[in-house]
Amino acid sequence: QVQLVESGGGLVQAGGSLRLSCAASGSIFSVNTMGWYRQAPGKQRDMVATITRSGEANYVDSVKGRFTISRDNAKNTVYLQMNSLKPEDTAVYYCKVNIVTRRIEINDYWGQGTQVTVSS
């Protein structure tokens with residue numbers, strides 16, 4: 001069994017910063033790609049940033065230069081540093097992690113979601 005625990009969301013003024021964390025634990029053999037997605041009210045869930053095990057990062061255009069994804073492989077944790085936040089960044093943020101379990105099963109796991117609200 002695998003668990004993902006997210007933290008770090010909150011309310012911030014436009015131009016401010018937040019740092020999200022997502023820690024994976026449980027029956028883990030290895031962790032592959034980790035990523036952050038977001039879902040605004042009435043909209044679909046979209047990719048924000050992903051990072052491979054080797055550290056190759058990919059971002060949606062709207063956050064390039066403002067957000068930075070990173071990971072700590074020893075802690076099975078992924079981070080999202082969000083700077084220069086805009087009201088349009090307001091959403092529920094979810095981490096998604098591709099994990100090989102100790103039973104050698106490969107699955108995507110989602111975090112519980114954390115609310116990020118940016119006021120203008």
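Me: What should I know before starting?
Reply: The model is predicted, so local features need pLDDT of at least 70, side-chain atom pairs count only at pLDDT 80 or more, and totals for chains, interfaces and linings use all residues. Residues are numbered from 1 along each chain as its sequence is written, and side-chain values use heavy atoms, with hydrogens and water left out.

Me: How many aromatic pairs are there in the whole structure?
Reply: Two. Rings of Phe, Tyr and Trp (its six-membered ring) pair if their centres lie within 6.5 Å; planes under 30 degrees apart are stacked, over 60 edge-to-face, the rest tilted.

Me: Why is the pair of Tyr 37 and Trp 110 edge-to-face?
Reply: Their planes are at 65°, so the pair counts as edge-to-face. The ring centres are 5.1 Å apart.

Me: Which rings pair with planes at 85°?
Reply: Tyr 94 and Trp 110, with centres 6.4 Å apart. That pair is edge-to-face too. Tyr 37, Tyr 94 and Trp 110 form one aromatic cluster.

Me: Is Tyr 94 buried or exposed?
Reply: Buried, at 14% relative accessibility. Buried means under 20% relative accessible area, exposed over 50%, partly exposed in between (1.4 Å probe, protein chains only). Tyr 37 is buried at 15%. Trp 110 is partly exposed at 37%.

Me: New topic. Which ring does the charged end of Arg 19 sit over?
Reply: The ring of Tyr 79, 4.1 Å from its centre. The rule: NZ of Lys or CZ of Arg within 6 Å of the ring centre and within 35 degrees of the ring normal.

Me: And what does Arg 45 lie over?
Reply: The face of Trp 110, at 4.7 Å from the ring centre.
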